[in-house]
Amino acid sequence: MSAPVIAETRLSAARVLSAGTVLIRLERPENFPDPFPGQFAKLKILSAAPNLPPGLCGAGFLDRPFSFHAQTADELSFLIREAGAVSGLFKSLSPGAKIRITGPLGRAEDSLIKGRDPLILVAGGAGLAPMGMIRRENFPRVLLLYGEKTGEAQADEGYLDSLAPDRISLTEDGSGRGGKGLPTEALSRALEALTTPALVFACGPPGLLRECARLCAERPRAKCLISAETFLACGLGVCLSCSFSARDGSRRRLCVDGPVFPAELLNF
Ligand SMILES: Cc1cc2nc3c(=O)[nH]c(=O)nc-3n(C[C@H](O)[C@H](O)[C@H](O)COP(=O)(O)OP(=O)(O)OC[C@H]3O[C@@H](n4cnc5c(N)ncnc54)[C@H](O)[C@@H]3O)c2cc1C
Ligand code: FES
């Protein structure tokens, strides 16, 4: 396991995937360790973005956690959904903008996410973010079940084709491609049809995660992993702001014991 590094880097490109979602690529700092699937980094914008009130960038503003979406020898990428002040800034950055990266953070081993069984990815909204890294593991088959509230929020087809050609996209209000419904309804049908063991990897809002865990608990063939979120401070296991009681009675820190956990460990 490599220790996390803190490095200053630059934005090399940003691609808008939908209203509110941007895929950013950062120059990979020299000697940046390979992130494992499920790991994350803290990002802090150092450059001032155009049209922003003073104070939103620079020394006074906290880093925010984002999952690694993909890596190459030269770049690291992140999928960022606008949720508030900082996440909303990334879409206004131009190539060359300075960003501080701290990472890789989170549990640094891949024994949980192994490519032996077919993989079912369940993503709600920004829950697409960790899927890029996991998708590239050597799974025999990958099915993506992807849900958004509206068609406006759906990521573009070209991007989704590159992520997972075999997929079901749904929107809650039926205004987008793929029809009306929830990814958990699609999961229920996919689990019903399972003839072999499968790994389910879920990321998204709490309701989606709870339902994935419940559905998989009813199906012994489906092992469910959840990429969990909470408010983080240090990200290094020191401040305990992310600690919680697991169902086995142990205390866990999301930032170093996760963020990916077997569903049966989590209290929903
Ligand atoms: C390990 C981890 C990985 C993450 N990966 C991604 C990712 O890859 N892409 C992505 O778009 N987002 C990701 N997030 C969520 C992202 O960190 C938050 O959306 C972001 O920090 C919000 O900052 P902000 O200043 O924009 O919003 P704020 O103004 O701080 O908050 C805006 C709203 O979002 C809520 N919120 C903020 N942080 C969180 C959180 N951690 N969990 C739940 N609700 C929150 C607040 O309650 C508020 O309602 C991740 C979070 C964690 C803990
Ligand atoms: S954020 Fe500090 S211990 Fe996890």
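Select C224 to begin: leaving aside residues up to four places away in sequence, C224 touches V200, A202, C212, A213, C216 and A263, where contact means that the C-beta atoms of two residues, placed from the backbone, lie within 7 Å. The model on your screen is predicted, so local features need pLDDT of at least 70 and side-chain atom pairs count only at pLDDT 80 or more, while totals for chains, interfaces and linings use all residues. Residues are numbered from 1 along each chain as its sequence is written, and chains are lettered from A and ligands numbered from 1 in the order in which they are written.

Now widen the selection to the largest nonpolar core, which has 69 residues, and in which L121, V122, V200, A202, C212 and C224 have the most contacts. Such a core is a set of buried Ala, Val, Leu, Ile, Met, Phe, Trp, Tyr and Cys residues joined through C-beta atoms within 7 Å. Because domain 1 (5-105) and domain 2 (119-227) both give residues to this core, it lies between them; the domain bounds come from an automatic or database domain assignment.

Colour the two domains separately, and their centres, taken over C-alpha atoms, are separated by 25 Å. The contact takes 16 residues from domain 1 and 16 residues from domain 2. On the side of domain 1 that touches domain 2, strand 1 (5-18), strand 2 (21-27), strand 4 (64-67) and strand 6 (75-81) each supply at least two residues.

Then display the open sheet of 7 strands, whose order is 4-3-7-1-2-6-5 and whose pairing is antiparallel. Its edge strands are strand 4 and strand 5 (70-71), each pairing on one side only. Strand 5 is joined to strand 6 by 2 bridges, and A70 stands opposite S77 in strand 6.

Finally, select ligand 1 and the 22 residues around it, of which A83, G84, V86, S87 and A129 come nearest; a residue is near if its C-beta atom, placed from the backbone, lies within 6 Å of the molecule. Strand 4 and strand 6 each supply at least two residues of this shell.

Methods:
A residue is buried if 20 or more other C-beta atoms lie within 10 Å of its own, exposed if 12 or fewer, and partly exposed in between; C-beta atoms are placed from the backbone. Helices (H or I, at least four residues) and strands (E, at least two) are DSSP runs, numbered from the N terminus. Two strands pair if DSSP finds at least two bridges between them.
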